[in-house]
Amino acid sequence: MAGLGMHGPFELNHWTVDRVIEKAVPGNYALGLYDGHKFEAKFIGRSDDDLRHVLIEHCSKCNYGYFKASYAANAREAYYMQCRNYHDYPEIAKGAHPVCPEGTILRCPVCGK
């Protein structure tokens, strides 16, 4: 899914996350399946301050073996990217619209919510 604007896929395990993801950086991610040729995203998320920490938490909690990720300059940029992915891939996003970062009053760049 090149349309997500993320790098990968990478195996979702502590060693790989620690090796390929910088510490204390905001960003976006997708969790999913990979058959060696095609990545199938099943979940889209973001971290406003520490992408590595969030991905490491997913290592023991989810059933998906792979992830894609991208860095964001700040929480606002991560939120905007998550909103775009939410609207571009509603079948993956499932559920409520992304919530703006704590302490902000940002509006979705796609729908204005």
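Helices (H or I, at least four residues) and strands (E, at least two) are DSSP runs, numbered from the N terminus. What you have on screen is a predicted model, where local features need pLDDT of at least 70 and side-chain atom pairs count only at pLDDT 80 or more, while totals for chains, interfaces and linings use all residues. Residues are numbered from 1 along each chain as its sequence is written, and side-chain values use heavy atoms, with hydrogens and water left out.

Stay on helix 2 and pick out its buried residues: Leu51, Arg52, Val54, Leu55, His58 and Cys59. Buried means under 20% relative accessible area, exposed over 50%, and partly exposed in between (1.4 Å probe, protein chains only). Now look down the axis of helix 2: its buried residues fall within an arc of 160 degrees, so they line one face of the helix. That arc is taken from the directions from the helix axis to the C-beta atoms. On the face turned away from this buried side, find the exposed residues Ser60 and Lys61.

Next, click on Leu55 in helix 2. It counts as buried, with a relative accessibility of 0%. Which residues does Leu55 touch, not counting those up to four places away in sequence? Select Leu12, Val17, Ile21, Tyr29, Leu31, Phe67 and Ala69 to see them. Contact here means heavy atoms within 4.5 Å. Ile21 is worth a click too: leaving aside neighbours within four places in sequence, Ile21 is in contact with Leu51, Arg52, Leu55, Phe67, Ala69 and Tyr71.

Time to see the core. Select Leu12, Val17, Ile21, Tyr29, Leu31, Leu51, Val54, Leu55, Cys59, Cys62, Phe67 and Ala69, the twelve residues of the largest nonpolar core. Helix 2 gives the most to this core, with four residues. A nonpolar core is a set of buried Ala, Val, Leu, Ile, Met, Phe, Trp, Tyr and Cys residues joined through side-chain atoms within 4.5 Å. In soluble globular proteins, nonpolar side chains tend to be buried together.

Now move to strand 2 and strand 3, which run antiparallel and are joined by eight bridges. Two strands pair if DSSP finds at least two bridges between them. Select Tyr29 and you'll find its bridge partner, Gly45, in strand 3. These two strands form a hairpin with four residues between them, and Gly36 in the turn has a positive phi of about 100 degrees.

Last stop: the charged pairs. How many salt bridges are there? The count comes to three, where a salt bridge is a side-chain nitrogen of Lys or Arg within 4 Å of a carboxyl oxygen of Asp or Glu. Select Arg52 and Asp18, whose closest N and O atoms are 3.1 Å apart. This pair links distant parts of the chain, with Arg52 in helix 2 (residues 51-61) and Asp18 in helix 1 (residues 14-20), 34 residues apart. Arg52 is buried at 11% relative accessible area, whereas Asp18 is partly exposed at 44%. Then try Glu40 and Lys42, which meet at 2.8 Å, N to O. Finish with Arg46 and Asp48, at 2.6 Å, N to O; Arg46 is buried, with a relative accessible area of 16%, and Asp48 is partly exposed at 28%.
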